[in-house]
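Thanks for coming, everyone. I have one structure to walk through today. Please put it up on your screens.

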Amino acid sequence: MEMAAVRQAVRESAIRIGMSLVEQTKLITAASELARNTLVHGGGGRVEIVEVERHGRRGVRLTFTDEGPGIADVARALSDGYSSAGGLGMGLGGTRRLVDDFTIDTEPGRGTTVTAVLWSVRPAGPG
């Protein structure tokens, strides 16, 4: 996973579904933090970027998966002010606030999967 390529792919999906510049920025920032966590803490991994639609709204779902050590204390990792050194300073808690839907599936020794969805405020149009 290459950070610039992840950001570019996320940007392209956001533009394709008609996200505003603010929405694009939020999604790209969240993707950057999650990609960095996957690389630094998970030893690398993969990302899936999917354009989704629900109740007449379009969104982008990001799923980051790694085979790293997992997160021992998810509540602490999500708490305000908790950020590992060298991050963007927002940590997982800040990343969670940037998106509409956020889930973490992790277990020590099993790796981590983080899924984040940002829904566009613009309704889905034809096509």
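I will start with the overall picture, then go through the helices, the core and a few single residues.

First, a caution. This is a predicted model. The mean pLDDT is 90. Of the residues, 88% score at least 70. Confidence is highest in β2, at a mean of 97. It is lowest in α3, at 86.

Now the layout. There are four helices and four strands. Along the sequence, the order is α-α-β-β-α-α-β-β. The protein has 127 residues, and 42% of them count as buried. The exposed surface comes to about 6700 Å². Carbon and sulfur atoms supply 52% of that area.

Next, helix α1. It runs over residues 3-16. That is 14 residues. From first C-alpha to last, α1 reaches 20 Å, close to the 20 Å expected at 1.5 Å a residue. Which of its residues are buried? Val 6, Val 10, Ser 13 and Ala 14. These four cover an arc of only 100° around the axis, so they sit on the same side of α1. After the helix comes Gly 18, with a positive phi near 90°.

Stay on α1 for one more residue, Met 3, which is found in this helix. Met 3 is partly exposed, at 22% relative accessible area. The cut-off for buried is under 20%, so Met 3 does not count as buried. Beyond its sequence neighbours up to four places away, Met 3 touches Ser 32, Ala 35, Arg 36 and Leu 39. Look at the last of those. Met 3 and Leu 39 are 36 residues apart along the chain, yet their C-alpha atoms are separated by 9.1 Å.

On to the core. The largest nonpolar core has 24 residues. Leu 27 and Phe 102 have the most contacts inside it. Which elements give two or more residues to this core? They are α1, α2, β2, α3, α4 and β4. Of these, α2 gives the most, with six residues.

Let me zoom in on Phe 102. Set aside its neighbours within four places in sequence. Phe 102 is then in contact with Leu 34, Leu 78, Leu 92, Thr 95, Arg 96, Val 114, Thr 115 and Ala 116.

A quick stop in α2, at Thr 29. Thr 29 is partly exposed, with a relative accessible area of 25%. Thr 29 and Val 99 are 70 residues apart in sequence. In space, C-alpha to C-alpha, that pair is 10.0 Å apart.

Now α4, residues 91-98. Is this helix enclosed or open? Six of its eight residues are buried, so α4 is largely enclosed by the rest of the structure. The buried ones are Gly 91, Leu 92, Gly 93, Gly 94, Thr 95 and Leu 98. What covers them includes α2, α3, β3 and β4.

Last, two loop residues. One is His 55, in the loop between β1 and β2. Its phi is near 50°, a positive value in a residue other than glycine. Most residues other than glycine have a negative phi. His 55 is exposed, at 75% relative accessibility.

The other is Pro 69, in the loop between β2 and α3. Pro 69 is exposed too, with a relative accessible area of 52%. The cut-off for exposed is over 50%, so Pro 69 passes it. What does Pro 69 contact beyond four places in sequence? His 41, Glu 107, Pro 108, Gly 109, Arg 110 and Gly 111. Pro 69 and Gly 43 are 26 residues apart in sequence. Their C-alpha atoms are 8.8 Å apart in space.

Remember that the model is predicted. Over to you.

How values were computed:
Residues numbered from 1 in each chain as written. Predicted model: local features only at pLDDT ≥ 70, side-chain atom pairs only at ≥ 80, totals over all residues. Heavy atoms only, no water. Core = buried A, V, L, I, M, F, W, Y, C linked by side-chain atoms within 4.5 Å. Buried < 20%, exposed > 50% of the residue type's maximum accessible area, 1.4 Å probe, protein only. Contact = heavy atoms within 4.5 Å. Expected span 1.5 Å × (residues − 1). Arc of directions from axis to C-beta. Areas by Shrake-Rupley, 256 points an atom, 1.4 Å probe, with all protein chains shown as cover. pLDDT = per-residue confidence, 0-100.
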